[in-house]
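Subject: Structure handover

Hello,

Here is the structure to look through. My notes on it follow below.

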Amino acid sequence: MVSAEPEGATMDARDASESLDRATDDFLAARPQLFGIAYRVLGSAAEAEDVLQETWVRWQNTDRSGVKEPAAFLTTITARLAINVAQSARVRRESYVGPWLPEPVDTRHDPQLGAERAEALEMAVLLLLEKLNPVERAAYVLREAFDYPYKQVAEILETSEPNTRQLVSRARKHLSAERKEPVSPADHRRLLEVFLAAAQTGDMRVLEKVLAADVVSYADGGGIRGASRIPVVGRLRVSKYLAAFAPRFWPPAGTRWVEANGSPAVLVTAGGNPVALLSVDASEDGIHRIMWVMNPEKLSPYVTSLSA
């Protein structure tokens, strides 16, 4: 029997299939790290997934025969795309209704989120990084979380090595100026437990004891009813706000301890439906930041991941 296809055509098809299989394997192997980079730069799991989708499309359409290090190539594409998305996201977030908080991620199965170290992963750090420009953010993430050499970071960002060092240094100084040394995981959990109990009962005395003088409470509701549209600042104001809030919010609510962005958090539900994810940032001075993620678009994917 004579084949309907020329032998060369069959081999070309087989080679193309094998090439795509290798490309798929290379992408999947690098995917946790690629997501970790994009998420840290963007503070949004949804936007990070969009970046990875575009990275995959570009990887498919690349002449891969000349790519010696697929992971490095994919990292470069991902980082540059994330920077571009972050630049446009900054404009969108200026019109965001109420305080903007990062989209939480479940880190139970990947505590470092694809990185060498769990740097730039905590909610409070992502919130502070948002104040940096996207290139500074990417430089810090690649160096501090993924331990890339300055030379490679410079190549990815298409800048010089001395400038890369300055970018990372500025990011470090910003974080150290804005955030005190965090407490141990055990103390973090204890402070959150005490805070939760006091918030539920509206206990002003305990709240004032556990909150730092410069505490800020952020409620990211994306415009939903019931979420404060401005941050509440200062120990006394936050304590009064929580005490006034308690009788309406907590009686019908249930709570579940979870992990988000490498730290303990509390999922608050009402009628079995998630209404908020509560997390805090704390130092030896007490709780400095209280973060309530209430926007359903951010909350729903996180809750889904808990049962995945």
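In this predicted model, 6 strands form an open sheet with mixed pairing, in the order β2-β1-β6-β5-β4-β3. Strands here are DSSP runs of E with at least two residues, helices are runs of H or I with at least four, and both are numbered from the N terminus. Two strands count as paired if DSSP finds at least two bridges between them.

As to conventions, the numbering of residues starts from 1 along each chain as its sequence is written. Local features need pLDDT of at least 70 and side-chain atom pairs count only at pLDDT 80 or more, while totals for chains, interfaces and linings use all residues; side-chain values use heavy atoms, with hydrogens and water left out.

Going through the sheet by pairs:

- β1 (residues 211-220) and β2 run antiparallel and are joined by 2 bridges. V216 has V233 of β2 opposite it.
- β1 and β6 run parallel, with 6 bridges between them. L211 has I287 in β6 as its bridge partner.
- β5 and β6 are antiparallel and share 7 bridges. They form a hairpin with 2 residues between them, and D281 stands opposite R289 in β6.
- β3 and β4 are antiparallel, joined by 8 bridges. T255 faces V268 in β4. The hairpin of β3 and β4 also has 2 residues between the strands, and N261 there takes a positive phi near 55°.

How many residues of β6 are buried? The count is 8 of the 8, so β6 is largely enclosed by the rest of the structure. Buried means under 20% relative accessible area, exposed means over 50%, and partly exposed lies in between (1.4 Å probe, protein chains only).

Next, the helices. Two packed helices are described by the angle between their axes and the distance between the axes. Helix α6 (residues 150-157) packs with helix α7 (residues 161-178) at an angle of about 95°, and their axes are 8 Å apart. Axes are lines fitted to C-alpha atoms, for helices over the stretch in contact, and angles run from 0 to 180 degrees between N-to-C directions. α6 and α7 are therefore roughly perpendicular to each other, a term that covers 65 to 115 degrees.

On the α6 side the contact (heavy atoms within 4.5 Å) is made by Y150, K151, V153, A154 and L157, and on the α7 side by E161, T164, R165, L167, V168 and R172. These residues comprise 6 nonpolar, 1 polar and 4 charged. Nonpolar covers Ala, Val, Leu, Ile, Met, Phe, Trp, Tyr, Cys and Pro; charged covers Asp, Glu, Lys and Arg; the others, Gly among them, are polar.

K173 is also in helix α7. K173 is exposed, with a relative accessible area of 58%. Between K173 and I37 there are 136 residues of separation in sequence and 21 Å in space, C-alpha to C-alpha.

"Domain: RNA polymerase sigma-70 region" is placed by UniProt at residues 30-86. That stretch is 81% helix and 0% strand, with its end C-alpha atoms 21 Å apart. "Domain: RNA polymerase sigma factor 70 region 4 type" is listed by UniProt at residues 123-175. Residues 123-175 are 79% helix and 0% strand, and the end C-alpha atoms lie 13 Å apart. UniProt positions use the numbering given here, feature names are shortened, and annotations may be inferred rather than shown by experiment.

Regards

Conventions
Parallel < 35°, antiparallel > 145°, perpendicular 65-115°, else oblique.
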